[in-house]
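Work through these exercises with the structure open beside you. Try each task before you read its solution.

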Amino acid sequence: MHVSRREILSRGFHLRCPNCGAKSLFAPGALRIRARCPACDLELNRGEGFFLGPMVINYSIAVFGFVVPCVLLWARGTLPGVWAAGLAVAACIALPVALYRYSWSLWLMVYFYVLPDRLPANDVAREPDVDD
């Protein structure tokens, strides 16, 4: 069963396993990604430093989505400095928690979109011979 890049994108946006499409990236209610997908055994946390991808996604959204606009509003005089700083700090604390699942799913989507042959479903060496 081959997983297309379009399927990888769809699964990433819907918080599903990039390999099998199961809703199993996270334990229910947990803010921690599973080590492996329970449905297909795909390794989700792919080793040392793999967490940096979701961290960069979260950081970028917090900084460019909230901190920079708050600073610009403060610089234009539209928003008082105390409010701008408060909103920026609140966003930097709340957004990473709120977007944790999405940042991991998006990171897995990007990773496997660029390297689709790393998915077990796309590994041609593992596919059984049809000639048997």
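Predicted model: local features only at pLDDT ≥ 70, side-chain atom pairs only at ≥ 80, totals over all residues.

Residues are numbered from 1 along each chain as its sequence is written. Local features need pLDDT of at least 70 and side-chain atom pairs 80 or more, while totals for chains, interfaces and linings use all residues; side-chain values use heavy atoms, without hydrogens and water.

**Exercise 1.** Find how helix α1 and helix α4 are oriented.

Step 1. Take α1 (residues 5–13) and α4 (residues 100–114). Helices here are DSSP runs of H or I, at least four residues, numbered from the N terminus.
Step 2. Their axes come within 8 Å and cross at roughly 170 degrees. Axes are lines fitted to C-alpha atoms over the stretch in contact, with angles from 0 to 180 degrees between N-to-C directions.
Step 3. Angles over 145 degrees count as roughly antiparallel, so α1 is roughly antiparallel to α4.

**Exercise 2.** Classify the side-chain pair of Arg36 and Asp41.

Step 1. The N to O distance is 3.9 Å.
Step 2. The pair is a salt bridge (a side-chain nitrogen of Lys or Arg within 4 Å of a carboxyl oxygen of Asp or Glu).
Step 3. Arg36 has 40% relative accessibility and Asp41 48%. Both values mean partly exposed (buried is under 20%, exposed over 50%, partly exposed in between; 1.4 Å probe, protein chains only).

**Exercise 3.** Describe the ring pair of Phe50 and Trp104.

Step 1. The ring centres lie 6.0 Å apart. Rings of Phe, Tyr and Trp (its six-membered ring) pair within 6.5 Å.
Step 2. The planes are at 40 degrees, so the pair is tilted (under 30 is stacked, over 60 edge-to-face, the rest tilted).
Step 3. Both residues, Phe50 and Trp104, are buried.

Conventions:
Helix = DSSP H or I, 4+ residues; strand = E, 2+ residues; numbered from the N terminus. Parallel < 35°, antiparallel > 145°, perpendicular 65-115°, else oblique.
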